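Here is a briefing on a predicted model.

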Amino acid sequence: MANTMQGHNQLYHQRNASKSTQSGYNRQSQRILYAPVSASVPRYCFENDKYWYIIECQLEDGRHWELSRYYQNFYDFQIALLQEFPQEADSERGNRILPYMPGPVTYVTDAISNGRRESLDDY
């Protein structure tokens with residue numbers, strides 16, 4: 001991901017630092033991972049000639065996270081899901097469970113980005 005996105009993500013992500021143990025090696029502290037209970041894609045931004053999308057997520061413990069991703073990240077994830085779950089992706093027999101996602105295009109406009117944002121929010 002571009003340096004711009006990495007700097008932006010650092011503003012929103014929290015990480016636990018490793019803790020040293022008495023035996024002298026570093027070990028990641030154990031923590032409870034909470035599942036997301038809701039997520040939305042309320043907006044997108046344009047920076048460095050690329051559109052990226054903001055995902056707001058609420059965890060089951062009540063905390064809120066804000067993530068940012070390029071459309072290509074969502075599309076790559078969709079392709080991985082289709083490959084991992086071929087039965088759920090089967091549209092020929094009418095049994096498709098996974099929603100459709102339009103592929104990348106060469107030229108992206110605000111109208112395309114807003115349509116993508118709406119589709120991602122529904123997804």
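Ile54 stands opposite Ser68, a residue of strand 5. Strand 4 and strand 5 run antiparallel and are joined by seven bridges. The model is predicted, and its protein chain holds three helices and five strands. Read from the N terminus, the elements follow the order α-β-β-β-β-β-α-α.

- Three strands build an open sheet in the order 3-4-5, with antiparallel pairing.
- Strand 3 (36-47) and strand 5 (64-70) are the edge strands, each pairing on one side only.
- On average, neighbouring strands of this sheet are turned by 25° against each other, direction ignored.
- Strands of a sheet pair through backbone hydrogen bonds, in either a parallel or an antiparallel sense.

**Strand 3 with strand 4**

- Nine bridges pair strand 3 with strand 4 in the antiparallel sense.
- Cys45 has Trp52 in strand 4 as its bridge partner.
- Phe46 is bridged to Tyr51, also in strand 4.
- The two strands, strand 3 and strand 4, form a hairpin with two residues between them.
- Asn48 sits in that turn and has a positive phi of about 55°.

**Strand 4 with strand 5**

- Gln58 stands opposite His64 of strand 5.
- Strand 4 and strand 5 form a hairpin as well, with four residues between them.
- In this turn, Gly62 has a positive phi of about 95°.

- Helix 3 lies across strand 3 and strand 4.
- Relative to strand 3, helix 3 runs at about 175°.

**Burial and the nonpolar core**

- Buried residues account for 23% of the 123 residues in the protein chain.
- Strand 4 is largely enclosed by the rest of the structure, because seven of its ten residues are buried.
- The largest nonpolar core has eight residues: Val41, Tyr51, Tyr53, Ile55, Tyr71, Phe74, Met101 and Leu120.
- Two elements give two or more residues to this core: strand 4 (50-59) and helix 2 (71-84).
- Strand 4 supplies the largest share of this core, with three residues.
- Met101, a member of this core, touches Tyr71, Phe74, Tyr75, Gln78, Leu120 and Tyr123, leaving aside residues up to four places away in sequence.
- Of the contacts in the protein chain between residues at least 6 apart in sequence, 39% join residues at least 24 apart.

**Aromatic side chains**

- Five aromatic pairs turn up in a search of the whole structure.
- Tyr53 and Phe74 have ring centres 6.4 Å apart and planes at 80°, so their pair is edge-to-face.
- This pair links distant parts of the chain, with Tyr53 in strand 4 and Phe74 in helix 2, 21 residues apart.
- Tyr53 has a relative accessible area of 1% and is buried.
- Phe74 counts as buried because its relative accessibility is 18%, and the cut-off is under 20%.
- One aromatic cluster takes in Tyr44, Phe46, Tyr51, Tyr53, Tyr71 and Phe74.
- Tyr51, Tyr53, Tyr71 and Phe74 are among the cluster residues and are also listed in the largest nonpolar core.

**Charges over rings**

- Lys50 lies over the face of Tyr70, at 4.2 Å from the ring centre.
- Arg96 lies over the face of Tyr100, at 3.9 Å from the ring centre.

- Tyr100 is placed in the loop between helix 2 and helix 3 (110-122).
- Is Tyr100 buried or exposed? Tyr100 counts as exposed, because its relative accessibility is 60% and the cut-off is over 50%.
- Tyr100 and Ser119 are 19 residues apart along the chain, with their C-alpha atoms separated by 9.3 Å.

Methods:
Residues numbered from 1 in each chain as written. Predicted model: local features only at pLDDT ≥ 70, side-chain atom pairs only at ≥ 80, totals over all residues. Heavy atoms only, no water. Core = buried A, V, L, I, M, F, W, Y, C linked by side-chain atoms within 4.5 Å. Buried < 20%, exposed > 50% of the residue type's maximum accessible area, 1.4 Å probe, protein only. Contact = heavy atoms within 4.5 Å. Pairing = 2+ DSSP bridges. Axes fitted to C-alpha atoms, helices over the stretch in contact; angles between N-to-C directions. Phe/Tyr/Trp six-rings, centres within 6.5 Å; stacked < 30°, edge-to-face > 60°. Lys NZ or Arg CZ within 6 Å of the ring centre and 35° of its normal.
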